[in-house]
Amino acid sequence: MEGNNKPAVSLISKPENMLKTIYTACRTCYSADSPINIYNNTDDTEKMLKLIERVISSGHFSTIEHIQVSFAISNVSRACTHQLVRHRHMSFSQKSQRYVKEKGQFDYIIPPTIEKNEELKTKFIDFMEEISNKYQEFVEAGIPAEDARFVLPNATASSMVASLNLRELIHLANLRLCTRAQYEIRTLVKLMCDELIKEEPWLKPYLVPKCERLGYCDEDKSCGRKGKLEL
């Protein structure tokens, strides 16, 4: 059914001692001490943050791959999830259109560009109803849901559990928080980052568009937020 077009995101899993775990991984590379001793004898937050910043700034991203986070995501279009699953080093468990039959009008997302145009919005809603009726007609005729789903559009709402390590989340944020990214996945990734930052505020400087980290834009086309790198 037509409703809130904003994705719903909840952080459902993360390491209890994220900062300490990353610090231990970083420190182990430069210490003769055992990792467990480093972990057990470290409590200085400022010291941990200083080393982690230095290591990440040097490009040693393997040290943050030890951190895995999981999100519960819903109210996103199949168009959006098709973009998200292109990212490597992520795991997904998504609502199946093969095993879950749509009953009545299926949920769908209306893009803002259509939402703000009343005439086109009405046509969009009418078309979603037409598709829903055709889907139900096929199912009632005995067509399996896995085949009837072929008529469902990219606008169809979906849900999933998505998991990824911290290195990939930073990469995801760097790309998808760009103002030139498609609006829905930009909104989704922002919510994912915000959920984690609530628990781990020290991550805020990393979960930003890459131009914020680089200080310049390296895309072929720029939004103008940052200047292009002069060679």
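Predicted model: local features only at pLDDT ≥ 70, side-chain atom pairs only at ≥ 80, totals over all residues.
**Entry 1**

The core holds 43 residues, and Ile73 and Leu169 touch the most other members. I then listed which elements give two or more residues to this core: strands S1 (8-13), S2 (68-77) and S4 (157-165), together with helices H1 (18-28), H3 (45-57), H4 (78-84), H8 (166-176) and H9 (183-199). H9 gives the most, with eight residues.

**Entry 2: around Ile73**

I checked the contacts of Ile73, leaving aside neighbours within four places in sequence. I found Ala8, Val9, Leu84, Ser159, Met160, Ala162, Leu188 and Met192 in contact with Ile73.

**Entry 3: another core**

I noted another core lying apart from the largest one. This other core has 12 residues, including Ile110, Met128, Ile131 and Ala145.

**Entry 4: helix H6**

I turned to H6, which covers residues 118-140. I compared its span with expectation: at 1.5 Å a residue, its 23 residues should span 33 Å, and the end C-alpha atoms are 33 Å apart, so the two agree.

I listed the buried residues of H6 as Lys121, Phe124, Met128, Ile131, Ser132, Tyr135, Gln136 and Val139. Of these, Met128 and Ile131 are also among the members of the 12-residue core. Helix H5 (112-115) and helix H7 (145-148) are included in what covers the buried residues of H6.

**Entry 5: ends of H6**

At the N-terminal end of H6, I found Asn117 as the cap, with a side-chain oxygen 3.2 Å from the backbone nitrogen of Glu119. After H6 comes Gly142, and I read its phi as positive, near 95°.

Note on methods:
Residues numbered from 1 in each chain as written. Heavy atoms only, no water. Core = buried A, V, L, I, M, F, W, Y, C linked by side-chain atoms within 4.5 Å. Buried < 20%, exposed > 50% of the residue type's maximum accessible area, 1.4 Å probe, protein only. Helix = DSSP H or I, 4+ residues; strand = E, 2+ residues; numbered from the N terminus. Contact = heavy atoms within 4.5 Å. Expected span 1.5 Å × (residues − 1). Polar contact = N/O pair within 3.5 Å; in protein donor to acceptor, adjacent residues only side chain to side chain.
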